Amino acid sequence: MTLLTYLRRKLGLTGTKLGCAEGGCGACTVMLSRYQTHTQQLLHYAVNACLAPLCSLHLVAVTTVEGIGSVARKLHPVQERIARSHGSQCGFCTPGIVMSMYALLRNNATPKMADVEEAFHGNALTPSCLIFELENSAINFDSESPSLFNAADFAPFDPTQEIIFPPELMSLTKGQGSASLRFHGDRATWLQPASLDEFLRLKWKHPDARVVVGNTEVGQSVAHKRTNAHIHTHTQTHTHTHVCFTIFVGTPCTLSHMGAVLRQEVETRPPHQTQVFLAVLEQLRWFAGLQIRNVAVSLPLLTSTQFVSAFKQSPRREDDISTVTAAMSVTFAPGTAVVEDLRLSYGGMAAVTALAGKTAARLLGRRWGEELLQDACSSLAEEMTLDPSAPGGMVTYRRTLTLSLFYKFYLTVLHKLREQGLNVEAVPSDCLSAAEVYHPETPSGVQIYQVNTVVLDDVVGRPMMHLSALKQATGEAVYCDDVPLYENELYLALVTSSKAHAHILSIDSSVAEAMPGVACCVFAEDIPGSNAVGPITYDETVLADGQVTCVGHIIGAVVADTQLAAQRAAKAVRIQYEELPHIITIQEAIAAQSFYQPIRTIESGDLEAGFKQADHILEGEMHIGGQEHFYLETNVTLAVPKGEDGEMELFVSTQSASKTQVTILRKILQNTEPPCCPPWSPWRQTSKSALSIIRPVRCMLDRDEDMLVTGGRHPFYGKYKVGFLNSGKVVALDVSYYSNAGNSMDLSLSIVERALFHMENSYSVANVRGRGFVCRTNLPSNTAFRGFGGPQGMMVTESWMTDVAQSLGRPAEEVRRLNLYVEGESTPYNQILDQLTLDRCWDQCLQRSGYQQRRAAADLYNRQNRWTKRGLAIVPTKFGISFTAAFLNQAGALVHIYTDGSVLLTHGGTEMGQGLHTKMVQVASRVLGIPCSKIHISETSTNTVPNTSPTAASASSDLNGAAVVNACQTLLQRLAPYKTLNPKGSWEDWVKAAYFDRVNLSANGFYNFDTNSGRAFNYFTYGVACSEVEIDCLTGAHKNLSTTIVMDVGHSLNPAIDIGQVEGAFMQGLGLFTLEELHYSPRGVLLTRGPGSYKIPAFGDIPTQLTVSLLRDAPNDKAIFASKAVGEPPLFLAASVFYAIKDAISAARVESGVSGPFRLDSPASAERIRTACCDRFTKLVQ
């Protein structure tokens, strides 16, 4: 049993969350404290509770987020700061971040910013709950804007008031010393030896036993591969010794402790002796997070003739598994630059570490210089080869890295030899940056907004704290799986397909049904209602019936008394298949003409005449990868039968409560209402099981299950032909979009329509045709995702816009500005643009970013550096607001006023971290004229507001806010006579008077767009972003130096929440366009099924300088209180980072004599960046 399971299921301490079960997200972070007898000091350290075996915690104190503070008792200063500084949105990861910071402060009460950054390396930065303010603790505010919070109001941090280590544990630790431990379970035995001799005896007796120190590897194996762990031998000694010129580090010594020892040695020894230590420390900086390093050789001292370097290249710099690593050592004959000994080792080039022995041997006796470099690279290209089908792929990139990393080593050594006074070639000044060690700068942020100063008591337009922030920071916020266990509750686990496309020949569940704790198995024939489902077209099944159409297709479910029993039984179900041909990629679908119908087209102007008018015509293409939602709270359902009249209560992690309700009716009660939910939603199987067994049933998908069975953002492929004038003005565009829909239609047609609605982004093109093709493949059905196809459509737009600029040799910002829409122009779908603020956003972004100065500085930097390049890009967005399906543009609300004057508010929107509940309370406060403290909001439920639209399309504040206003105005009308009779009375007086006069103090509100005739959207949200990056041309790594965003959100309802939404959307877009890649095998198996292989942005990926400015004086008369939607529109602005990267690559290509347009697919991964920077090293491995 892990510590996390014990905390949540045995003790009911649910503040510690399950996010991934592999130590990759930090949501389960707790602090362990141990008394060390050898130092007589306490050691505090953060760990992942999901990986920590309970057996390993003998004599250890465990501190969870509940233990350091609570809303009712007292908040810890860390909890208070992250909440009141607007650092929590969805809040699921907030307790883990709090505990990482808390553990740091227990060891270092005055940490530096670098210490804070390192402490957060093990915490995932999910854009849906972006924690930006805490990481950037020194937030700056522009002089024209007040602070979003007042730091003077925070309680001071006093380290003397922290929880003490339990004296009983200290006494026991001193008394017992090192004692042997043995724990026996049904399936495993845990042995903890007290000495090396005992350990060796145990290992001899149990040769197959796994040796566990930190459990970071075995824990993942047990969690994800469901392996049977039999006997574990565990040791936990922190040892290191000095012998002659070597430091010996004991195997159980944690990496954190080793790092501390090595840092001390570096500070006290001559620099030439500690090169190995520095190399190890540099790798430790980027190895996992502190939670892993805290639970995890001999290191020699060097002479002045020895040089050592180590390198690691991974998709993401922080907490990521390497693509290629290298450790290199060279020894020279004393007083010379002649190689006496050379060792070159590489990781990631074979199943084990690979030594480039042949290359090293060829270079012995050679002088360190350019000739040696050329021979070394040629030799490495021949020696370090990979089979084209090698596991991990990226064969060309990995081979290129072996040369690039050696070149970095070559430059580093050459520079040091020169510093020692040896007669060697000088490192060219423009190559010095290639050998520099990366050191992140201290991040900073600027946030600019316009505050409401009209009415002092009016909370609308003010940076009010998220209503749930304090509960999130203390772990008291209740998420679906935090609901306490019911008596007789059962657990449901899914049985899924292992084939992409196949007939089901047989299903044998006999072994599973006979396993202990199993209540039943459920398959398609057990569904009493219809098995057909789909948002629009009923082309999906709740449970596969006779055929599977993707890996992860849900075939059935097993219900048992515990999660572990259900999952084990699900694995025991045996299914026989007859495989059928499958289609996985868009290219395969195009070749097979595998499309859903219809094919959508938007056309405007005369395309043929436009191309005739053009001075130039170019064609291009681009692929945009998919994206996993990676909500930290995975899909959860708890179904509770009520026992009377067939009533059932469902707790569901969904943003479509009414869709869930209607679909359940159809599945279970054979109701004929139209369903509208993805087939993988676990509440379908859970609710059916609960009703048939008449016991509560819970289902929470593990991260790998969730990623396997659910779809995400659609991959897109765009082909375009664009005609333009010599000035850069685009006059004709013909573009085709192909989206990978997966194994059902889902919402894919609407998504490709949204892509077509945004095919011109913010640019006026007189003659245009766009076509959208929905590809049918054998992947889990892709579905709605923030932006809903808009980002993919606009990404292709910016690709051809960049191509136009590059083909003309003109600055991209000039070409973009030339083509921007102006007031009164019409879109390709004939919507006239009014209240256009694009030009204001553009000009302010140029000014606030200092674009011209940055461009001049970047150009100078690029002239002075060969192997690192900087790039800039400024990109606009125009995002249409409203559901394109008109019937969804409606909302309801319900408001009760009680006799004590308190108000209960509920509405049809789902709060998922975006601050919707907070904004609705602010709206009600303004309309009713009472403080927010009098208003309580209840969670969304179908028994209070029926027939709700999904919380989507960025329209929830507009729709639900107007419904709240409607309800509140109705109540005000009823109270008006009593206010007239008693104008000096209080709110409570008027309410009581109305009550005694038998006035109804409850009202429902309703709102819908009156008409949208001739307009696809109610209005548009505009924004512009400018970003600057720096790329390493040798490895493909990049740094996000700065981003400036100007966003038009109208008159913001809550600037703090809206700025958080802008930041969060931007970071999610940054992941989409630069980091996140879904990899499938040729047989349709998802290979990236957790944070270990699928990388979302980390704290270090936030631009070092981030400025967010909300456009001033831009009221919107089409939405609540002149505001604008903000959820989806900012996401695409992260494309400015992608095109800044492309700009930097262009500078690198010029160095190799290559210029003009080139293709760069999204995301701009390190592999794609390195490959695009064609040079002499890439040519050697082609």
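Helices H24 and H32 cross with right-handed geometry. Their axes come within 11 Å and cross at roughly 30 degrees. The model is predicted.

**Helix pair H24 and H32**
- H24 runs over residues 790–808 and H32 over residues 1135–1151.
- Why do H24 and H32 count as roughly parallel to each other? Angles under 35 degrees count as roughly parallel, and the axes cross at roughly 30 degrees, so the pair is placed in that class.
- On the H24 side, the contact residues are Met 795, Glu 798, Ser 799, Thr 802, Asp 803 and Gln 806.
- They meet Ala 1135, Phe 1138, Tyr 1139, Lys 1142 and Ser 1146 in H32.

**Nonpolar cores**
- The largest nonpolar core has 200 residues. Tyr 346, Trp 368 and Phe 406 touch the most other members.
- Helix H14 (residues 395–419) gives the most to this core, with 13 residues.
- Leaving out residues up to four places away in sequence, Trp 368 touches residues including Val 330, Phe 332, Phe 406, Phe 409, Tyr 410 and Val 424.

**Helix H13**
- H13 covers residues 370–383, 14 residues in total. At 1.5 Å a residue it should span 20 Å, and its end C-alpha atoms are 20 Å apart, so the two values agree.
- Its buried residues are Leu 372, Leu 373, Ala 376, Cys 377, Ser 379, Leu 380 and Ala 381.
- The cover over these buried residues includes strand S14 (339–347), helix H12 (357–363), H14 and helix H34 (1176–1180).

Key: Residues are numbered from 1 along each chain as its sequence is written. This is a predicted model: local features need pLDDT of at least 70, side-chain atom pairs count only at pLDDT 80 or more; totals for chains, interfaces and linings use all residues. Side-chain values use heavy atoms; hydrogens and water are left out. A nonpolar core is a set of buried Ala, Val, Leu, Ile, Met, Phe, Trp, Tyr and Cys residues joined through side-chain atoms within 4.5 Å. Buried means under 20% relative accessible area, exposed over 50%, partly exposed in between (1.4 Å probe, protein chains only). Helices (H or I, at least four residues) and strands (E, at least two) are DSSP runs, numbered from the N terminus. Contact means heavy atoms within 4.5 Å. The expected span of a helix is 1.5 Å times one less than its number of residues. Axes are lines fitted to C-alpha atoms, for helices over the stretch in contact, and angles run from 0 to 180 degrees between N-to-C directions. Angles under 35 degrees count as roughly parallel, over 145 as roughly antiparallel, 65 to 115 as roughly perpendicular and the rest as oblique. A crossing is left-handed if the near helix is turned anticlockwise from the far one by less than a right angle, and right-handed if clockwise.
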